[in-house]
Amino acid sequence: RAHLTQAERGEKISYTDKAVSRWERGEAVPDAYVLLMIAELFGVTVDYLLHEHPEGEEDDTIPQLIEIAPDDEKRLAEKKKKKNHFIIEMISFLSVWTLALGIFIVLSLTGRLFWQVFIYAIPVSFIVLLVLNSVWGKKIYNFFFISLILWGILLSLYLIFLKYNLWMIFLVGAPAQVIVAFAFRIQTGEK
C-alpha cells in the first residue's frame, strides 16, 4: 500500500533491498531494533508486524501506512548512529580487555603469572571510553569515567609498589575525587 520498492524501503531504514527481500521470503528475521524502525516507517506497531492478518481484512482495521517524514528519517538515522557508537565503544572497551588477557596468557606460557595486567586494564579501558564518550556521548558520563580512571590508577600504583605497602595512596583519591566533582560543576557556555 505504500508503493515502495524493496530498495526504497531498505533505503529508508538504511538496509539493502537484499535484506528486505530475505525478510519478506522468511529467510531471515530482522532484529527488534529493525522491527521498530519498520513499524515507525509504516505507522504501525511492532505487535501489528508480528501477527498474521487474514486475507481481505477490513481496510479500517488495518493501520494506514504513512510516508516517513524528514524529521522521522533524521530521528531514525540518529538512533542508528547512537547504536553504532555504542557498538564501537563496546568493541574498543573489550579490545583492551582482550589485549590484557593476551598479555596474561603469553606471560603465563613463559612461567610468569602477571595477574596485575587486569588491574592495569581498568584505567586504560576507561580512558578509551572517556575519549569516545567525549566525542559522541553525554558529557555527564565523563565524570564517571574520570572517577574510574582515577581509582584505577591509584590501584595500579598500589600494586606496582605492593612491597612497600603504600595503602595510604588511596587517601589521595578522596580529595582528587572532590576536585573531579567540582570540575564538573563548572558552568560552561555549552549546552
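Me: Why is Lys83 called partly exposed?
Reply: Its relative accessibility is 29%. Buried means under 20% relative accessible area, exposed over 50%, and partly exposed in between (1.4 Å probe, protein chains only). So Lys83, at 29%, counts as partly exposed. This is a predicted model, where local features need pLDDT of at least 70, side-chain atom pairs count only at pLDDT 80 or more, and totals for chains, interfaces and linings use all residues. Residues are numbered from 1 along each chain as its sequence is written, and side-chain values use heavy atoms, with hydrogens and water left out.

Me: What makes Asp31 and Lys83 a salt bridge?
Reply: A salt bridge is a side-chain nitrogen of Lys or Arg within 4 Å of a carboxyl oxygen of Asp or Glu. The closest N and O atoms of this pair are 3.6 Å apart. Therefore Asp31 and Lys83 qualify.

Me: How many salt bridges does this rule give?
Reply: The count is five. One of them joins Glu24 and Arg9, at 2.7 Å from N to O.

Me: Why does the Glu24 and Arg9 pair tie together separate parts?
Reply: Glu24 lies in helix H2 (residues 17–25) and Arg9 in helix H1 (residues 6–12), so the parts they tie together are 15 residues apart in sequence. Helices (H or I, at least four residues) are DSSP runs, numbered from the N terminus.

Me: How do you know that Lys79 and Glu40 form a salt bridge?
Reply: Their side chains meet at 3.0 Å, N to O. That is within 4 Å, so the pair counts. Lys79 is in helix H5 and Glu40 in helix H3, 39 residues apart.

Note on methods
Helices (H or I, at least four residues) and strands (E, at least two) are DSSP runs, numbered from the N terminus.
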